[in-house]
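Student: Could we go through this structure together? I would like to begin with its strands.

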Amino acid sequence: MYTLKKSLGQHFLTDENMCRQIVESLPVIEGQQVLEVGPGGGAITKYLLQLPGIDFKAIELDTEKVQYLEKTYPAIQGKLINVSILDAVSPFEGPFNLIGNFPYNISTQIMFKVLEWRSQVDVVVGMFQKEVAQRIAAPHGNKEYGILSVLLQAFYKIEYLFEVHENCFNPPPKVKSAVIRLTRLEQPADIASERKFFVLVKTAFNQRRKQLRNPLKTMFDKELLQDPIFTKRAEELSVADFAALSHKML
């Protein structure tokens, strides 16, 4: 067997129905490239390995899990990449879909990795801590809406699929979990540049209680700052509002 490593945020999914439901949430066609992040003990991996005609790879940091998976599921030989997802280079040429019961302590960073790879990543199905899933899916005007919501929704359609009871895991986590699906938009938000957009969104939300005029005053012309939009707070602006503002930055 294998040991659970608290330092890696490991909680393993043991409910088979839930494992199947997560895999079924990922649209796959023959010949598709699929990457699993953090296969751990192989809870959903075993179902992914049964999908016909896909090109499958998995990224797992924990060497002990890699050895366990290779011993338990011989079909995975040669398909495992033993690195941290945060340090990984893209494992495929061309487009791929990504799936995982993400380690909760780095799930936000994994989403920034998805943004980095977005020209290749068509669909993501991920299990997150419920609060993080809600934050990613939150619409503007909602207190959960923040940096991650705006950056991801600029490029992906987000669907909050279902929640996963803590008893589905070993050991049961102290937090609720939820599964969401991200599907890349045919028409992403019209932003001036990634750098401008990211800086704008991060700066706006760093002082989310304040009217935008305060945190953004160095980024826009004095006259433009008189526009009523700058009397709003960051969470009141839609993704399209942020995208439009990115074109007016100094």
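Tutor: Strand E3 (residues 55-59) pairs with E4 in the parallel sense, over two bridges. Strands here are DSSP runs of at least two residues and helices (H or I) of at least four, numbered from the N terminus; two strands pair if DSSP finds at least two bridges between them. This is a predicted model, in which local features need pLDDT of at least 70, side-chain atom pairs count only at pLDDT 80 or more, and totals for chains, interfaces and linings use all residues. Residues are numbered from 1 along each chain as its sequence is written, and side-chain values use heavy atoms, with hydrogens and water left out.

Student: Which residue stands opposite Ile81 in E4?

Tutor: That residue is Ile59.

Student: And in what order do the seven strands form the sheet?

Tutor: The order is E4-E3-E2-E5-E6-E9-E7, in an open sheet with mixed pairing.

Student: Why is one side of E4 and of E7 left without a neighbour in the sheet?

Tutor: Strands E4 (80-81) and E7 (156-164) stand at the edges and each has a single partner strand, so one side of each lacks a neighbour there.

Student: New topic: how many residues has the largest nonpolar core?

Tutor: It has 54 residues, and Phe220 is among those with the most contacts inside it. Such a core is a set of buried (under 20% relative accessible area, 1.4 Å probe, protein chains only) Ala, Val, Leu, Ile, Met, Phe, Trp, Tyr and Cys residues joined through side-chain atoms within 4.5 Å.

Student: Which helix gives the largest share of this core?

Tutor: Helix H7 (residues 194-206) does, with six residues.

Note on methods: Buried < 20%, exposed > 50% of the residue type's maximum accessible area, 1.4 Å probe, protein only.
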